[in-house]
Amino acid sequence: MSLQADFDRAAEDVRKLKARPEDEDLKELYGLYKQSVIGDVDIECPGMLDLKGKAKWEAWNLQKGLSKEDAMSAYISKAKELIEKYGI
């Protein structure tokens, strides 16, 4: 399979987890997903009162500079780790 196909499959499988992963795991996945699909963060950081939006922005910003291919590989690895931990 190609990297893109593996990435798409991992993104699909991670939605089927039997339990909700911890927030830190979800933020890491989110950041890697956005970096894979869009690239470096391209929006302004949300305001202080938007806690969820700010956490998501920070998770994405942590991946800044990572190539889309490297982000996809890291996302696939993290997804596999969560699938082993929580099952689908």
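The legends below walk through several close-up views of a predicted model.

Because the model is predicted, local features need pLDDT of at least 70 and side-chain atom pairs count only at pLDDT 80 or more, while totals for chains, interfaces and linings use all residues. Residues are numbered from 1 along each chain as its sequence is written, and side-chain values use heavy atoms, with hydrogens and water left out.

**View 1. Helices H1 and H4 pack against each other.**
Let us start with helix H1 (residues 3-14) and helix H4 (residues 68-86), which meet at an angle of about 35° with their axes 9 Å apart. Helices here are DSSP runs (H or I, at least four residues), numbered from the N terminus. Axes are lines fitted to C-alpha atoms over the stretch in contact, and angles run from 0 to 180 degrees between N-to-C directions. From H1, the contact is made by Leu3, Gln4, Asp6, Phe7, Ala10, Ala11, Asp13 and Val14; from H4, by Glu69, Met72, Ser73, Tyr75, Ile76, Ala79 and Ile83. Contact means heavy atoms within 4.5 Å. Sorted by kind, the residues of this contact are ten nonpolar, two polar and three charged. In that sorting, Ala, Val, Leu, Ile, Met, Phe, Trp, Tyr, Cys and Pro count as nonpolar, Asp, Glu, Lys and Arg as charged, and the others, Gly among them, as polar.

**View 2. Helices H1 and H2 also pack together.**
Here the angle between H1 and H2 is about 145°, and their axes are 12 Å apart. Look for Phe7, Ala11 and Val14 on H1, and for Leu29, Tyr33, Ser36 and Val37 on H2, which make the contact. Six of the residues in the contact of H1 with H2 are nonpolar, one is polar and none is charged.

**View 3. Tyrosine 33 sits in helix H2 (residues 23-37).**
Which residues does tyrosine 33 contact, leaving aside its neighbours within four places in sequence? They are Phe7, Ala11 and Tyr75. Tyrosine 33 counts as partly exposed because its relative accessibility is 30%; the term covers values between buried (under 20% relative accessible area) and exposed (over 50%), with a 1.4 Å probe and protein chains only. Glutamate 44 is eleven residues from tyrosine 33 in sequence, and their C-alpha atoms are 18 Å apart in space.

**View 4. Aspartate 25 is another residue of helix H2.**
Aspartate 25 has a relative accessible area of 10%, so it is buried. Not counting residues up to four places away in sequence, aspartate 25 touches Lys78, Leu82, Lys85 and Tyr86. Leucine 82 is 57 residues away along the chain, yet 8.2 Å separates the C-alpha atoms of this residue and aspartate 25.

**View 5. Salt bridges link charged side chains, and a search of the whole structure finds nine.**
Side chains of opposite charge can pair when their charged atoms come close. A salt bridge is a side-chain nitrogen of Lys or Arg within 4 Å of a carboxyl oxygen of Asp or Glu. One of them joins glutamate 22 and lysine 85, with the closest N and O atoms 4.0 Å apart. That pair links distant parts of the chain, with glutamate 22 in the loop between H1 and H2 and lysine 85 in helix H4, 63 residues apart. Another joins glutamate 28 and lysine 78, with the closest N and O atoms 3.3 Å apart. This pair also links distant parts of the chain: glutamate 28 lies in helix H2 and lysine 78 in helix H4, 50 residues apart. Glutamate 28 is partly exposed at 34% relative accessibility, whereas lysine 78 is buried at 7%. Salt bridges that share partners join Arg9, Glu12, Asp13 and Lys16 into one network.

**View 6. Aspartate 13 and lysine 16 form a salt bridge.**
The closest N and O atoms of this pair are 3.9 Å apart. Is aspartate 13 buried or exposed? Aspartate 13 counts as buried because its relative accessibility is 11%, while lysine 16 is partly exposed with a relative accessible area of 44%.

Technical notes
Helices (H or I, at least four residues) and strands (E, at least two) are DSSP runs, numbered from the N terminus.
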